[in-house]
Amino acid sequence: MTLRHNASPNQERAQRLAYASATVYGDHLDPTVWTTYFGIEPDISVVKGERFKTPSGRMSTYPGRTGVWGCTSKAAITEDNLDPHLKYLTLRLRLPRPDLPALLVNCGATMRFFCYWSNYTGDRVPVIDPTLRDAIESSGATIEIDEYPPRQ
Amino acid sequence: MLLPEESAAPPGHVLLGRYAERSAQGGPSGLGRRRGLGDGQRRAPAPGAAATGSAPTESLTTHRRASDAPRHFATTVPRPSAVNSSGEDTAPRRWGPTYADTSATMGIWNSLSDPKLTLAGLKAASAENPIVKSLAQPRRTGGDDSIPAGGPSAPTQATQLSSAPDVDGNDFPGRQGHDVARPTENIQLAASTRNPDYAARMLGYDRNTFGDMIHDLKHFFKLSPSDNLVFDDNGDVSFQGSVLGNIHDFAP
């Protein structure tokens, strides 16, 4: 795994072919609850109905659609495959957590690992290590791959 | 270009187009003061002369000045045969104002020589003039010269008069009522697309950057990868008919 620091957001955005985010959603989500639970500060935090700070540092034009608490691998991992990104996140969140599924249900929240997958060349196939997938799914979270295919 | 006050004024010539043209170049009142007017060189109108003067075509074209013609427009013009005793023009005229309208306009024009005239007074005097009001009407679009049913209307007159070239053959692009390019009114072209590639071009982003921005937006708004978004040309992003956010917020 390659860790990368001190890279500007623009450089990261231009060079990234893959990254992932672990995010908890909920209309009544209290970010402080999840910050305490996971023991880390989130990279993104949104309270439903309030404007939020976007990754570029701007305040959003429209308020948040739902509550969001999440962390991302975009600024830390430079690999072009998903596994390093997912591994980074599972380590950071200390997954799997046996009590997490119940907590999600009690809070009326959902959790997903949202993966950016650039496939503009048309020859990239996303592959996820089964052990990582098991660790994520056993924690009550899902994996979604947002693929950007070649021009139609 | 010869000025009206420098022209001889043989009776019988009424140049509606010229005065309408000058009115079209005026200020808020619709009457513009041209070079030479109001400089103290005018003569008082002849006693008993009616304020129905005209500019002579012959002098305008030859630039010849008759020595005995008043520099003021207070000349006597014979009433055309179509004008009745009350001053109403009964002749069918495809364009332009009536004889009475022209007389009133000339009266306002002549009143400019009064040094006591204030701008407010000029506005008040010209506000009721049909020619001035007609020139204030919106210009017709298109080149159709047809007269609407029911006779010439004020907007039609405005177009006819203000679009006519000056009697000296001068044209003034950009003047009021002239056929210059202007944005189409009452039409709003809304641009939106579901195609991210087209949206990227529409909003000025390269494709890779725009895909990254879409991913961030989906991340923040809890959208799935398969959700189809609608991008407006102002950057607003809609999903299932409601605006979620603005894609520009996620620009690098």
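Residues are numbered from 1 along each chain as its sequence is written, and chains are lettered from A and ligands numbered from 1 in the order in which they are written. Because the model is predicted, local features need pLDDT of at least 70 and side-chain atom pairs count only at pLDDT 80 or more, while totals for chains, interfaces and linings use all residues; side-chain values use heavy atoms, with hydrogens and water left out.

**Stop 1: the sheet of chain A**

Five of them make an open sheet with mixed pairing, in the order β2-β3-β1-β4-β5; two strands pair if DSSP finds at least two bridges between them. At the edges are β2 and β5 of chain A, each pairing on one side only. On average, neighbouring strands are turned by 20° against each other, direction ignored.

Now show β1(A) and β3(A), which pair in the antiparallel sense over 6 bridges. Tyr25(A) has Val68(A), in β3(A), as its bridge partner.

Touching here means heavy atoms within 4.5 Å; axes are lines fitted to C-alpha atoms, for helices over the stretch in contact, and angles run from 0 to 180 degrees between N-to-C directions.

**Stop 2: loops of chain A**

Move to the loop between α3 and α4 of chain A, where Arg94(A) lies. Arg94(A) is not a glycine, yet has a positive phi of about 60°. Leu95(A) and Pro96(A) are joined by a cis peptide bond with omega of about 5°.

Next select Asp27(A) and Lys48(A), a salt bridge with the closest N and O atoms 3.5 Å apart. The pair links distant parts of the chain, 21 residues apart: Asp27(A) is in the loop between β1 and α2 of chain A, and Lys48(A) in the loop between β2 and β3 of chain A. A salt bridge is a side-chain nitrogen of Lys or Arg within 4 Å of a carboxyl oxygen of Asp or Glu. The count over all chains is 6.

**Stop 3: the interface**

Show both chains. The contact takes 38 residues from chain A and 30 residues from chain B. The buried area is about 2900 Å², of which carbon and sulfur atoms give 53%; this is the accessible area (1.4 Å probe) that the two parts lose on being put together, summed over both.

Across the interface there are 2 salt bridges. Select Lys74(A) and Asp216(B), whose side chains meet in a salt bridge at 3.3 Å, N to O. On the side of chain A that touches chain B, β4(A) supplies the largest share, 5 residues.

**Stop 4: the sheet of chain B**

Select the 4 strands of the open, antiparallel sheet in chain B, ordered β1-β2-β3-β4. Its edge strands are β1 (192-193) and β4 (242-246) of chain B. β1(B) is joined by 2 bridges to β2 (residues 230-232) of chain B, and Ser192(B) stands opposite Asp232(B) in β2(B). Finish on helix α7 (residues 196-203) of chain B, which packs on the sheet against β1 and β2 of chain B, its direction making about 15° with that of β2(B).
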